[in-house]
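Biologist: I have not seen this structure before. Please show it to me, and then I will ask what stands behind each term.

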Amino acid sequence: MSTTTTTNLPHHLKPKDISTESTSASKLSQKTILNLLNTKCNTSLQCLKLAHCITLRTGHFQDHYVAGTLVKCYANPHFNNFGFALKVFDYVLNPNVFVWNIVIRGCLENNEPSKAISLYHVMVAANSRPNKFTYPPLFKACTITHAIEEGLQFHAHVVKHGLSRDGHIKSAGIQMYASFGRVREARRMLDGEGDSDIICWNAMVDGYLKCGDVEAAKKLFECMPDKNIGSWNAMISGFAKCGMNEEARKLFNEMDKRDEISWSAIIDGYIKGGYYKEALEVFNEMQREDIRPRKFILSSVLAACANVGALDQGRWIHAYVKRNSMRMDAILGTALVDLYAKCGRLDMAWDVFEKMTEKEVYTWNAMIGGLAMHGRAEDAIGLFSKMQREKLKPNEITFVGVLNACAHSGMVDEGLAILDSMKNVYGIEPEMEHYGCVVDLLGRAGLLEEAEELISSMPMEPNAAVLGALMGACRIHGHVELGERVGKVLLELEPKNSGRYALLSNIYAKAGRWDDVEKVRRLMKERGIKTTAGSSMIDVGGIVHGFKMADSSHPQKKEIYLMLDRIFERLHMEGYSPKTSQVLFDIKEEEKETALRYHSEKLAIAFGLLSTAPGTAIRIVNNLRVCDDCHSATKLISEVYNREIIVRDRVRYHHFKNGKCSCKDYW
DNA sequence: ATAGGGTTAG
């Protein structure tokens, strides 16, 4: 029975060629061949092909045990050629359960869960009776593809075949039901007949937590007949994922033996909650306990470094990876690419990217996104084309990167063409995020009407992010009426988001409508909304220094403020005039200037100029977008002090050099 | 008979 598109196998690998031949090889026993397949053939494709030839020559190919093992070897994800495994499978006559199970599992291991499901139907149609090994991968496939109907059907088959007692099936089933949000069905499986063991309990604990039922998880954890380290870890990572970092930490402290997963879960919880500094502290704590970090933790920590701009610590990890000859797998490599890109070192990001041998879509996405963030739209699009030349399928994240690149450099036609091609060429339905990028693109370019039209043509109701993009464009182009209209909707849609209030009052302030600015301020007060304070971080000698507006907490505050005054003296001589329209209060002009002068970004720059050698680049990470005034001041500083200043804001990078910015004042 | 399960990463 043919199950795949059958292109023929190479001549020498076809059964019919030599199955009748009798050579000395035929004396090889089944056992010897299996031994060969199970040892050498898992790493060497050459050995595998040789073994394949031998099975054909000796007539062992139609032995299901041999054929199954052979297919399993070909299906090893390491070879990245599952298509070939399927072709070989096609030549197995009347495969038995063993062979079917191998190929179904192979689908899963090669990221083809839907294929696993469809092959199961072929298997049943071919009258092969599934056994207990058949179902776990199928449940997993349903979990991944969210195939609820099929999952229920598989469960029914499990019952029909009398396999419900099996622990492997139970744990996979529990996970599946939990992923559907059906904890009660999961629990019923756990409590049903047969042997539920630690792994099933752990899966259930995890399931409860993934569904947000913390109490049920706690209760089960308490009354489990037996626990292992995995049970604790499931609780900790579950707490961490629910944002309950303190609870997680409490359990973590109670453990008598922690493994890498325990540490990793804690660190990850902090990262997910945006507590990057805390994450880095835990990492240091771990090292003080002499635990040698491995790639799992390292890639998490790299994400934390990337987010706070801790370039030096990130580089240390990179060096650590090299020093310990750790394999640069796709995840670790991607984390490094992301780190360097987010820390403003595109050169190093590119270096890692180029040397990586195991790139995945994520890796390309990180590099494309990095280029986009730096305003290098042509390069981002170039890389996108290269990705296709290398026959890698872009995913929806790839398009977010590419469209962002267009938005950051005003490439309207290209952006629209790409949005169009998503569906027509790549078969990927544009989602809200993609529309958001294009609304941003059109809006920034001043095409407000087109942006509005796009929004009304979207197949879904615009969310806050999309409207926010439109409103941002209104601010840039001084479109008060539209901005006001959108702003009102947005304030109801997201009454807790302080950024929206700031944007609206900014639009009013720019138009000099101070009464309305005041109204917004009062509304915020009524609703108890606090503005997100702007903060800037700068990494000097491996230590990240953070500044807030008018900050006086830094030990060197005196020097910093003195430096700032000196800087502004020089800037004024160069013709700098403060962009007081940035200030959201109707105060006197001089006061406005003072308010601008102590923006966190300027404090960080002053500190950077003080504490780094002349000529070295200054790298700053802002939590918000750069303001107009900081932008023009920084341009001038880069010229007057002859320094390259690299500023990362909430969405993109600005490379200031010789009085100019890489964003070409378009951001 | 042969094969297999949970908690950690971009």
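Biologist: How many cavities of 30 Å³ or more does the count come to by this rule?

Modeller: The count comes to 2 cavities of 30 Å³ or more. A cavity is a set of points, on a 1 Å grid over the protein atoms alone, where a 1.4 Å probe fits but cannot get out. Grid points are joined across faces, edges and corners, and a volume is the space filled by probe spheres set on the points. The largest cavity holds about 60 Å³ of space. Please keep in mind that this is a predicted model, in which local features need pLDDT of at least 70 and side-chain atom pairs count only at pLDDT 80 or more, while totals for chains, interfaces and linings use all residues. Residues are numbered from 1 along each chain as its sequence is written, chains are lettered from A and ligands numbered from 1 in the order in which they are written, and side-chain values use heavy atoms, with hydrogens and water left out.

Biologist: Which residues line the largest cavity?

Modeller: G309, L311, C343, D539, R619, I620, V621, I646 and Y653. Lining residues have an atom within 4 Å of a point. Strand 3 gives the most to this lining, with 3 residues. By class the lining has 6 nonpolar, 1 polar and 2 charged residues, where Ala, Val, Leu, Ile, Met, Phe, Trp, Tyr, Cys and Pro count as nonpolar, Asp, Glu, Lys and Arg as charged, and the others, Gly among them, as polar.

Biologist: How many helices and strands does chain A have?

Modeller: Chain A has 35 helices and 6 strands. Helices (H or I, at least four residues) and strands (E, at least two) are DSSP runs, numbered from the N terminus.

Biologist: Why is strand 1 called largely enclosed?

Modeller: Buried means under 20% relative accessible area, exposed over 50%, and partly exposed in between, with a 1.4 Å probe and protein chains only. In strand 1 (residues 535-540), 6 of the 6 residues are buried, so the strand is largely enclosed by the rest of the structure. S535, M537 and D539 point one way, S536, I538 and V540 point the other way, and all are buried. Y320, in helix 19 (residues 311-323), has a relative accessible area of 5% and is therefore buried. In chain A, buried residues make up 51% of the 667 residues.

Biologist: What makes strand 1 and strand 2 a pair?

Modeller: Two strands pair if DSSP finds at least two bridges between them. Strand 1 and strand 2 (residues 543-548) have 6 bridges, in the antiparallel sense, so the pair meets the rule. M537 stands opposite G546, and V540 stands opposite I543. The two strands form a hairpin with 2 residues between them, and G541 in the turn has a positive phi of about 55°. Strand 1 also pairs with strand 3 (residues 618-622) in the antiparallel sense over 3 bridges, with I538 opposite I620.

Biologist: In what order do the strands of the open sheet stand?

Modeller: The order of the 6 strands is 2-1-3-4-5-6, with mixed pairing. Strand 2 and strand 6 (660-661) stand at the edges with a single partner strand each, so one side of each is left without a neighbour in the sheet.

Biologist: Which residues are closest to DNA strand B?

Modeller: Y65, H168, N202, G230 and K241 are the closest of the 43 residues that surround DNA strand B. A residue is near a strand if one of its heavy atoms lies within 4 Å of it.

Biologist: What makes the approach of N202 to DNA strand B a polar contact?

Modeller: A polar contact is a pair of N or O atoms within 3.5 Å; within protein, one must be able to donate a hydrogen and the other to accept it, and residues adjacent in sequence count only if both atoms are side-chain atoms. A polar side-chain atom of N202 lies 2.5 Å from a base nitrogen of DNA strand B, so the distance is within the cut-off.

Key. On a 1 Å grid over the protein atoms alone, a cavity is a set of points where a 1.4 Å probe fits but cannot get out, and a pocket is an open set with protein on both sides within 12 Å along at least five of seven lines; lining residues have an atom within 4 Å of a point.
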